Amino acid sequence: MSGTATRSDFRQFEFMPGAPHDPLHGEPMLLNMGPQHPATHGVLRLRIVIDGEVILAVDPDVGYLHRGKEKMAESLGWQKFFPHTDRMDYLTPVMPNLAFALGLEKLAGVEVPERAQAIRVMFSELGRIASHLIYTGTTGIDLGAVTMFFYCFRERERIYDILDAWTGHRMNNTYVRLGGVAADVTPRILDMVDEFTREFPSKVDEYEQLLTRNVIWVERNRGVARISAEQAVAMGLTGPNLRASGVAYDVRRAQPYCGYETYDFEVPTSTDGDAYGRYLVRIAELRESCKIARQAMERLRGMRGDHLAHDTRYVLPRKDRVNDSMEELIHQFKVVTAMALPAGEVYQLIESSKGEFGFFLVSDGTPNPVRVHARSPSFVSIQAIPMLSEGRLLSDMVAVIGSLDFVMGECDR
Amino acid sequence: MRIPPEDIAAQTETLRGTLGGRFGETVAAGADMPVVEVPRERVIELLLDLRDGAPGHRHLSMLTAVDRMPADPRFEVVYALYSIEANRWLRVNTRCGEFDAVVPSVTGLWPGANWLERECFDMFGIRFDGHPDLRRILMPEDFPHHPLRKEFPREGIEPDRLYRDWAAQRAQPEPGR
Amino acid sequence: MGSLVEAPVPTQEGGQGFFTTKLQSLVNWGRKNSLWPMPLGLSCCAIEMMAMVGPRFDLARFGAEAMRFSPRQCDLMIVAGTLTWKMARAARTVYDQMPEPKWVIAMGVCSSSGGMYKNYAVVQGIDSILPVDIYVPGCPPRPDAVIDAIMKIQKKIEQDRSLSWPRR
């Protein structure tokens, strides 16, 4: 927001065919959308040059939520950075933690026990469901389907209940640790997941009944923001945005982590490449994630094991012992404040709900990281907005923004 | 993602074979993927070759920089490339010094590199030669520093100065009626 | 909850008679039961704010469901999330555009004090740039906590005496 819009900002568009003598085409107008706006899904500012209703040019302005996380990492140290990862993609519980923990484990060479891996998978997939519910709900309400917002938040509250039972917090849980997860799941939590995954597919049917063949939804999404496979790859898009254009690239399949190769699931793609295709892909992913979470839950019922690896150099002790035992207290102190990972560089990605999300970690053997860079799929998606919306109507802008499903916390870090 | 070490070693050997020192690069096996180090004058050629060669590394996943102070050259620009067809990853590193922090821009090869390079410029001050629109992206346009440089303090240098200047221009009363 | 019938306040400051207090009560009752929030949803707290309007916590019970995103129509600004210096100018502009009377809730620790971000980019508490009525701690606070804050604002409005003379 550096001052008001001036004529010089859009001087390049003053000379247009028909202007200024054409009574139907006036001067192009600079419309400022955001950073405070209901439909920009966070603090995104779009400087849009419009001629009537037609968008001529868009310049997205990000950084309104830049919280200096990469700089914080350099002074906080490895263990204390975990809460920051949560707040990057705050729509998805657990998954951002997971990406960071996997990177640290690769650098440290720590093996995670199987039970911890299954817990991670189960909650990651519940997190993916939660994130896609936000997409459906907020894009629905932005395009006029207000009911979707309430239905999706109803389901999201149930996921929050499960997370509340496991971690004590509804969102921004920070419950994945280097070496596993902070606490084990009890049979009651598994029952809650059981009940949720049993009922959820019928809820997805409900959403599909409301939206998929709804003529208004189809009209507002079909043909909007069409992107071909080559363009999508050239722009660096990943996740559902890429899979809707037909490229079946999913990190869970290409480079499986946490035992994803042992779960049975499909990777939905679409050939439409437009906003409607992305909607179909995300709805299908809701079903697939429900399947995976159910499989993980069933596995956990029968599995015995630890939820945290045993490696006193890197793994935090159990919190309930820390307050009682001197050794555990010292152990906790050393791991939190002075844990040094071996020197090296690692680029670790996971398949987050938004796309390829991960961290590039550079360590020089000291407790303070040299560099922690978060690879953000939302940053890349927003970059594609100009390409997708130029030439379209202003009302399509909301559909474009909704269909790309980005989150500003991750984009700006 | 978990690439077994034997695969990393095998891929490094293949890369050494295909690239063969044509770009003055050195290929090493990193902890998680092959890493290629190249001087900045040849980085565009190398990336073009990697993108269009066999297998084509068409996906530019990451473009960032690392401040390796006190090493000289100070800044290291890192590119992470992926081949979707062959499921192969690799990283490319190039270096530039503190006082001539200029690296050729790859926006001609990947339009998606536009914002990634703007972010490097904003955070580190590295200029990208040939970039169509090199301006700040995360910090305000008139922010005078490059935050991720090691000498920039975490709490910042007068972080509220731009706001105070703006508020003074508007001549608003102080907060708290 | 504040009733319409209120004992008349003795006229010590002059001019505060029976009818003025009745009118004041009526106005306060109206204002507090129809707060129109201006959600300045910045980051994670915005999601809990959305959940607060959602089916389980239902802010509509308190008359505050009309979340108008235009500041000109609102009276309660909920700053939900981390305010950065880049966004601060926009936040202050939005606050200035709200008509009187207006109240501000700093939701979450990031807006109350900068939260876990003590760095170059984050405003260390929105009270550097805006007057705040209620601070709600939490990262993010539960929607119940924010509803509690709104109820406290309602109590604060009940005690408003701005219609009396002399003006305070």
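**Exercise 1. Work out how chain C and chain B meet in this predicted model.**

Let's begin with polar contacts: between chain C and chain B there are four residue pairs of this kind, with both residues at pLDDT 80 or more. On the side of chain C that touches chain B, the residues divide into seven nonpolar, three polar and eight charged.

Next, look for paired charges. Two salt bridges cross the interface of chain C and chain B. In a salt bridge between B:Arg170 and C:Asp96, the closest N and O atoms are 3.0 Å apart.

Now turn to the contact as a whole. Chain C brings 18 residues to it and chain B brings 22 residues. Together the two chains bury about 1700 Å², with 57% of that area coming from carbon and sulfur atoms. Of the area that chain C buries against chain B, 42% is supplied by C:Lys86, C:Arg89 and C:Tyr120, more than by any other three residues.

**Exercise 2. Describe the interface of chain B and chain A, and find which element of chain B gives the most to it.**

Start with the residues: 47 from chain B are in contact with 45 from chain A. The area buried between these chains is about 4000 Å², and 56% of it lies on carbon and sulfur atoms.

Then come the charges. Five salt bridges are counted between chain B and chain A. One of them joins the side chains of A:Glu345 and B:Arg91, at 3.6 Å from N to O.

Finally, trace the elements. On the side of chain B that touches chain A, at least two residues each come from β3 (59-67), β4 (75-83), β5 (88-96) and α3 (113-124). The answer is β3(B), which gives the most, with eight residues. By type, that side of chain B has 27 nonpolar, seven polar and 13 charged residues.

**Exercise 3. Decide which parts of chain B the salt bridge of B:Arg40 and B:Asp100 ties together.**

First, check the distance: the side chains of B:Arg40 and B:Asp100 meet at 2.6 Å, N to O. B:Arg40 sits in the loop between β2 (34-37) and α2 (43-52), while B:Asp100 is in the loop between β5 and β6 (102-104), so the pair ties together parts 60 residues apart in sequence.

B:Arg40 has 18% relative accessibility, under the 20% limit, so B:Arg40 counts as buried. B:Asp100, with a relative accessible area of 38%, is partly exposed.

**Exercise 4. Are A:Arg375 and A:Glu356 buried or exposed?**

Begin with their salt bridge, in which the two side chains meet at 3.8 Å, N to O. A:Arg375 belongs to strand β8 (residues 371-375) of chain A and A:Glu356 to strand β7 (residues 355-363), 19 residues apart. Both A:Arg375 and A:Glu356 are buried.

**Exercise 5. How many disulfides does the structure hold?**

The count over all chains is zero. For C:Cys44, the nearest cysteine sulfur is that of C:Cys139, 6.2 Å away; a disulfide needs two sulfurs within 2.5 Å, so C:Cys44 is in no disulfide. C:Cys44 is buried, at 6% relative accessibility. C:Cys139 is in no disulfide either, as the nearest cysteine sulfur, from C:Cys110, is 5.3 Å away. With a relative accessible area of 23%, C:Cys139 is partly exposed.

Conventions: Residues numbered from 1 in each chain as written. Chains lettered and ligands numbered in written order. Predicted model: local features only at pLDDT ≥ 70, side-chain atom pairs only at ≥ 80, totals over all residues. Heavy atoms only, no water. Contact = heavy atoms within 4.5 Å. Buried area = accessible area lost by both parts, 1.4 Å probe. Salt bridge = Lys/Arg side-chain N within 4 Å of Asp/Glu carboxyl O. Helix = DSSP H or I, 4+ residues; strand = E, 2+ residues; numbered from the N terminus. Nonpolar A, V, L, I, M, F, W, Y, C, P; charged D, E, K, R; others polar. Buried < 20%, exposed > 50% of the residue type's maximum accessible area, 1.4 Å probe, protein only. Polar contact = N/O pair within 3.5 Å; in protein donor to acceptor, adjacent residues only side chain to side chain.
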